[in-house]
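Work through the exercises below with the predicted model open. Each task is followed by a solution in steps.

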Amino acid sequence: MKIANSNGRAVLVLGDQISDIAQACDGLFGSDPMGVYDDWPAFIEVARSITTGTGPLVETDLRNPVPAPRQVFAIGLNYRSHAEEAGMALPEVPATFTKFPAALAGPFDDIEIVGDSVDWEVELVAVIGTVADRVAEADGWSHIAGLTIGQDISDRHLQFAAGAQFSLGKSRRGYGPIGPWVVTVDELTDPDDLALGCSVDGEKVQDARTNDLVFSVPRLIAELSAVLPLLPGDVIFTGTPAGVGIAHQPARFLQPGQILESWIEGIGTIRNRCV
Ligand code: ZN
């Protein structure tokens, strides 16, 4: 099942059609894309009965599928390949920061390039479906509503100013495009092993698999929920693999006019123009 945000309304994606959720379920769920997380198990039941489209899928109508999470977690150094290129030891606990929710954006939104050190980081993004509080790793996946694609766009200069301030340096407005939709975990053959990557103007710069994650998605649920509850609709950026711009020799960063395209196997593609 694919859940998207079409011009501000929650929709199911059915092939090349969308079905407006509020219309299709007679108002059991409203049009707010966050409303599906109010009662995720009930939503899944209702959504299963929706099989006919109410209109065509139009890419340019797609907005952030999870536009107002209460908490956004992001994990640094969570791929062996990326820790290696950064010359850092593998962390013993997830290196966690936030992207402030107001920085999130849609799957085809423009990225405003501020300064000369704006970098790409393709990431698998997990969306919480039901409250996760002190959850065992073995039960981690059962709390996930679905997965989507994210770009943890980073202003490297701001990120390392004042020592280190990851949260601010990764939260410029629009620096967290996600989408194009949330894919439920049951649609993926092996959600622990997905190909992911991104390209700049068609040149592939990141190319990896999520089986290289240091802390897997269910392990992250266990680690984070040991500290505080994870709430329905929360978003977790799970970290980026090797190939970020700052690790290139010489370093390269995003420039206005470039197209950043990011993909994950079984989910789809997002595309952002740098302006
Ligand atoms: Zn990141």
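**Exercise 1.** Identify the residues that coordinate the zinc ion, and give their spacing in sequence.

Solution. Start from the metal: the donors to the zinc ion come from Glu-121 (OE), Glu-123 (OE) and Asp-152 (OD), at 1.9 to 2.1 Å. Finally, check the burial of the two glutamates: Glu-121 and Glu-123 are both buried.

**Exercise 2.** Classify the aromatic pair formed by Tyr-37 and Trp-40, and state whether each residue is buried or exposed.

Solution. The structure contains five aromatic pairs. For burial, the cut-off is under 20% relative accessible area. Tyr-37 has 3% and is therefore buried; Trp-40 has 9% and is therefore buried.

**Exercise 3.** Classify the aromatic pair of Trp-40 and Phe-43, and relate the two positions to helix α2.

Solution. The distance is 5.5 Å centre to centre and the angle between the planes is 35°, which makes the pair tilted. Both positions belong to helix α2 (residues 40-48); because they are three residues apart, Trp-40 and Phe-43 are separated by about one helical turn. Phe-43 is buried, as is Trp-40. To finish, follow the ring pairs: they join Phe-29, Tyr-37, Trp-40 and Phe-43 in a cluster.

**Exercise 4.** Find the residue whose ring face lies under Lys-99.

Solution. Lys-99 sits over the face of Phe-237, 5.6 Å from the ring centre.

Methods:
Residues are numbered from 1 along each chain as its sequence is written. This is a predicted model: local features need pLDDT of at least 70, side-chain atom pairs count only at pLDDT 80 or more; totals for chains, interfaces and linings use all residues. Side-chain values use heavy atoms; hydrogens and water are left out. Donors are N, O and S atoms within 2.8 Å of the metal (3.2 Å for Na, K and Ca); water is not among the atoms, so sites may look incomplete. Buried means under 20% relative accessible area, exposed over 50%, partly exposed in between (1.4 Å probe, protein chains only). Rings of Phe, Tyr and Trp (its six-membered ring) pair if their centres lie within 6.5 Å; planes under 30 degrees apart count as stacked, over 60 as edge-to-face and the rest as tilted. Helices (H or I, at least four residues) and strands (E, at least two) are DSSP runs, numbered from the N terminus. A charge sits over a ring if NZ of Lys or CZ of Arg is within 6 Å of the ring centre and within 35 degrees of the ring normal.
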